[in-house]
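Subject: Handing over a structure

Dear colleague,

I am passing on the structure below, and would be grateful if you could look through it alongside the notes that follow.

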Amino acid sequence: MSGPVRTSGRCVNSPRRLWIWPVAAALVAAVLGPGAQAGADSDRTGLPEAVDTILGDARMEGGVASVVVADAGTGELLYRHLPATRLMPASNTKLATSAAAMEILGPQYRFTTDVLTTGRRHGSVLRGDLYLRGTGDPTLLAGDYDRLAARLAASGITRVDGRLIADDTRFDSVRLGRSWAADDESSYYSAQISALSVAPDTDYDTGTVIVTVAPGDQAGAEPVVTVTPGTDYVDIDVRATTVAAGGANDLTVEREHGTNTVVVSGTTPVGGAGAKEWVSVWGPTGHAAAVFRDALAERGVKVVGPTRLGRRTPAGATELASHDSMALKDLLIPFMKLSNNMHAEILTKAMGHEVSRQGSWGAGLDAISGYLKGVGVDAVKVRQVDGSGLSRMDNFAAGQLVELLLAVRAEPWYADWHRSLPVACDPDRFVGGTLRSRMCGTPAALNARAKTGSLTGASALSGYVTDSGGRELVYGIVLNNYLASSVKPLEDAIVVTLARSSAEAAGPASIRGGGTNTDVECAWRKPDLC
């Protein structure tokens with residue numbers, strides 16, 4: 001990207017960012033200096049030995065670890081192990097995306113969704129097309145579309161003698177991220193990206209539906225299947241069977257490639273739990289338009305013409321109704337606490353549009369790179385190809401994550417951003433998030449804040465923790481290429497070691513059990529976090 005990026009009247013790599021970070025600059029040299037391996041030369045507390053002991057666990061045999069720990073206040077390097085080794089960060093990628101979004105879009109940024117027309121009113125009839133224009137709001141619910149429809153009805157319109165046109169042109173037409181796995185296509189954490197979509201509930205997994213399967217009342221009966229939000233846009237193909245009480249509950253719910261046919265197969269016993277699955281839709285723009293058209297019909301507004309997708313609203317169109325999303329600082333809560341991939345990708349494209357008027361991954365990633373450069377992170381040594389970390393092509397080193405975590409502490413929006421990080425062992429889903437069941441009964445509980453990350457063979461945990469002497473520490477942990485089902489206990493042991501440590505002494509925390517298989521982000525297992 002040529003030249004500095006200007007956003008909201010400020011230059012992302014402005015002189016302000018060059019002088020406020022002598023500590024970060026010194027850390028860059030220390031962390032990424034030649035030959036950096038384990039330990040810190042001046043440390044006599046035993047912390048390097050304690051972390052080395054944890055990383056020596058058999059679960060990391062044959063794997064690779066990049067780990068860095070620093071004093072948050074001074075930037076002093078306390079521990080480093082392969083600090084410049086780039087690894088798959090999984091959802092730790094969201095640290096860069098969320099911080100850049102707060103700077104480029106601003107904490108008060110809101111997405112708008114508008115209903116407009118170029119037609120004319122003749123009594124209760126609108127003669128002309130009706131436009132539904134989105135800008136990317138990932139929090140739109142069916143209820144929000146209903147409220148837009150209600151405003152049209154309240155204005156006295158009962159008939160539209162034209163088409164319903166869904167304008168998703170704020171973003172480009174590329175729906176899936178680079179190198180996303182094909183076998184994730186139906187999964188809600190890999191939904192298609194559009195500037196106009198709908199979420200099924202207040203977890204705001206936009207571009208998805210909830211498919212609920214309940215057993216029939218007797219063996220041999222077809223299970224009862226419902227879809228939320230209810231619309232004919234999604235077809236259900238029930239191939240499952242109800243079996244006698246005590247039988248297997250082995251239901252599978254999956255959308256067929258390139259269609260909106262969701263196949264329900266397997267068995268579920270009488271009186272059993274059935275299943276509840278979040279499934280991505282094919283073509284989220286069409287899904288949103290279908291939900292809005294249904295809402296109009298329910299409100300007594302008939303649209304005579306067909307639905308058309310992907311056409312830009314003409315300049316000068318008259319606004320009939322509008323909806324604003326929550327502010328970005330509040331949107332960060334479901335985004336970061338629940339590690340919502342679609343929020344990350346939508347914000348990436350929104351940043352692209354803000355900076356260069358191109359709602360694309362390329363433009364958005366350039367904007368993020370510009371932000372990283374501005375705070376002293378060598379973006380040339382980072383590879384980021386999406387906003388969420390779902391791609392296995394993303395590469396960050398722990399040293400770069402720590403540089404970012406140190407830098408953002410000086411930002412005016414830091415308190416809101418820090419609040420969005422999951423809190424260890426806090427049971428509230430929107431506080432503890434993906435850490436709500438981790439590090440309980442330790443000094444890190446209700447203390448450590450961090451972003452989690454998980455893919456097959458890749459795990460990460462980066463954030464902040466206060467040690468026993470009241471000193472705040474910053475840590476970046478990225479583990480790759482292990483064969484164990486989970487290395488989360490090793491991450492937890494490192495953070496608990498930091499929470500127990502002081503400026504004078506440290507010893508390794510005990511490593512807890514092997515944990516469960518965590519091939520994907522904890523939040524991605526609905527309905528509960530693990």
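Accessible areas come from the Shrake-Rupley method with a 1.4 Å probe, and for residues only the protein chains shown count as cover. On that basis the accessible surface of the protein is about 19500 Å², with 50% of it belonging to carbon and sulfur atoms.

Please bear in mind that this is a predicted model, in which local features need pLDDT of at least 70 and side-chain atom pairs count only at pLDDT 80 or more, while totals for chains, interfaces and linings use all residues. Residues are numbered from 1 along each chain as its sequence is written, and side-chain values use heavy atoms, with hydrogens and water left out.

Of the 530 residues in the protein, 58% are buried (under 20% relative accessible area, with a 1.4 Å probe and protein chains only). Taking contacts (heavy atoms within 4.5 Å) between residues at least 6 apart in sequence, 73% join residues at least 24 apart. The protein has 12 helices and 24 strands, which are DSSP runs numbered from the N terminus (helices H or I, at least four residues; strands E, at least two).

I looked in particular at strand 16, residues 261-265, where 4 of the 5 residues are buried. Strand 16 pairs (at least two DSSP bridges between the strands) in the parallel sense with strand 13, residues 235-238, over 4 bridges, and here D237 stands opposite V263. Strand 15, residues 252-255, runs antiparallel to strand 16 and is joined to it by 4 bridges, with V253 opposite V264. The hairpin of strands 15 and 16 has 5 residues between the strands, and in it G258 takes a positive phi near 75 degrees.

With best wishes

Methods
Buried < 20%, exposed > 50% of the residue type's maximum accessible area, 1.4 Å probe, protein only.
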